[in-house]
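Biologist: Hi! Could you walk me through this structure in plain words?
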Amino acid sequence: MAETDYDVVIIGGGPAGMTAGLYASRAKLKSLLVEKMIMGGQMMTTTLVENYPGFPGGIGGPELMMKIQEHCGEFGLETSYGSVEKIIDHGTTKTLIVDGKEITTKVIIIATGAIPRKLGIEGEADLVGKGVSYCATCDGAFFREVPIAVIGGGDTALEEAMFLTRFASKVILVHRRDELRATKILQERALANEKIEIAWNSVVDGFESDNSGLTGATLKDTKTGETRKIEIQGMFVAVGVTPTTGFVKGLVDLTEDGYIIAGEDTKTSLPGIFAAGDNRTTVLRQVSTAVGDGAVAAIMAEKYIHELAHSAK
Ligand code: NAP
């Protein structure tokens with residue numbers, strides 16, 4: 001078998017990627033984790049993780065990720081920053097082009113996660129940083145004692161709405177149906193919060209702004225089609241996520257929504273490439289499931305490399 005720079009290259013430094021790195025380096029595979037932005041992934045913008053076992057009372061997303069990164073370091077995982085532009089498959093080996101440089105490996109674990117979805121409404125892009133945000137932890141404190149809106153009815157929207165009540169005078173939760181998608185415990189808490197007002201059966205139809213930024217929005221009733229204006233200075237969009245998989249389109253099979261088609265064994269349609277975490281087809285996307293995926297992907301990588309070595313003999 002041809003020599004490669006690494007046995008395993010992991011793309012993405014969130015919970016799935018780091019756990020894959022921990023398992024792979026502990027298994028003595030020569031492993032590199034490549035991260036594009038900040039080690040920690042979406043957890044770095046999560047205020048409190050309440051449902052990751054072992055931390056009664058919850059743990060801050062960044063604190064959890066720093067602990068996992070420190071843990072990876074104990075087994076000597078190599079990490080680097082860079083953007084993977086392309087992957088070239090040679091059969092038993094692969095080449096990654098990372099910021100123009102070539103890295104060769106036997107296995108690739110794609111753990112690139114997902115990024116917040118946009119509303120796709122005219123004017124949205126221009127108002128990012130001027131009232132429109134996709135991250136309450138990052139930008140919430142800029143909206144003290146002013147009315148704001150949170151768009152969405154899932155776990156993220158409700159968690160963000162509750163977090164934002166620390167700062168805002170009022171939080172209008174705008175949801176397109178008359179029933180929330182979020183888990184019951186979050187629904188109960190949000191509905192009991194006096195600072196949260198819910199605009200049921202409503203979607204954002206337009207923005208209002210002046211030189212200082214967002215001043216309001218038009219909401220449209222999804223049942224009657226009627227519109228009404230709300231005065232807000234901030235809008236936090238939490239309408240789900242889009243998997244970060246554009247760079248592997250055509251290389252591995254994807255769903256229409258862009259998720260990598262991979263089962264619980266994390267195997268993709270291309271031998272030697274595994275997908276772990278929020279970017280693969282799965283029934284649940286949580287830190288605990290991402291961590292589980294990372295572990296499975298690394299063990300599957302070890303098995304694949306072992307089989308490659310034996311078939312080459
Ligand atoms: P999500 O569960 O997909 O919810 C997205 C919400 O946005 C839904 O209520 C959806 O409405 C609404 N929506 C989607 N497109 C919209 C549009 N164009 N306009 C208006 N509303 C729109 O996404 P998420 O809340 O980001 O959660 C993603 C995953 O992470 C989920 O699996 C979730 O359980 C998990 N998560 C877990 C926790 C936790 O356990 N503490 C915290 C955060 C996230 P409909 O309901 O009508 O579809």
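Modeller: Happy to! One term to start with: contact means heavy atoms within 4.5 Å. This is a predicted model, where local features need pLDDT of at least 70, side-chain atom pairs count only at pLDDT 80 or more, and totals for chains, interfaces and linings use all residues. Residues are numbered from 1 along each chain as its sequence is written, and side-chain values use heavy atoms, with hydrogens and water left out.

Biologist: Great. Which residues is Lys94 in contact with, leaving aside its neighbours within four places in sequence?
Modeller: Among them are Ile88, Asp89, Ile103, Thr104, Pro271 and Tyr304. Lys94 itself sits in strand S5 (residues 94-98). Strands (E, at least two residues) and helices (H or I, at least four) are DSSP runs, numbered from the N terminus.

Biologist: Is Lys94 buried or exposed?
Modeller: Lys94 is buried, at 0% relative accessible area. Buried means under 20%, exposed over 50%, and partly exposed in between, using a 1.4 Å probe and protein chains only.

Biologist: What does the side chain of Lys94 join up with in a polar contact?
Modeller: The side chain of Asp89, at 2.7 Å.

Biologist: New topic: what's the strand order in the open sheet of three strands?
Modeller: The order is S12-S13-S14, with antiparallel pairing. S12 (202-210) and S14 (227-231) are at the edges with a single partner strand each, so one side of each has no neighbour in the sheet.

Biologist: How many bridges link S12 and S13?
Modeller: Eight, with S13 covering residues 213-221. Two strands pair if DSSP finds at least two bridges between them. Gly206 stands opposite Thr218 in S13.

Biologist: And the loops? What's the phi of Lys28?
Modeller: Lys28 has a positive phi of about 65°, although it is not a glycine. Most residues other than glycine have a negative phi. Lys28 is in the loop between helix H1 (15-26) and strand S2 (31-35), and it counts as exposed at 74% relative accessibility.

Biologist: Where does Glu145 lie?
Modeller: In the loop between helix H4 (136-139) and strand S9 (147-151). Glu145 has a positive phi near 55° and is exposed, with 62% relative accessible area.

Note on methods. A polar contact is a pair of N or O atoms within 3.5 Å; within protein, one must be able to donate a hydrogen and the other to accept it, and residues adjacent in sequence count only if both atoms are side-chain atoms.
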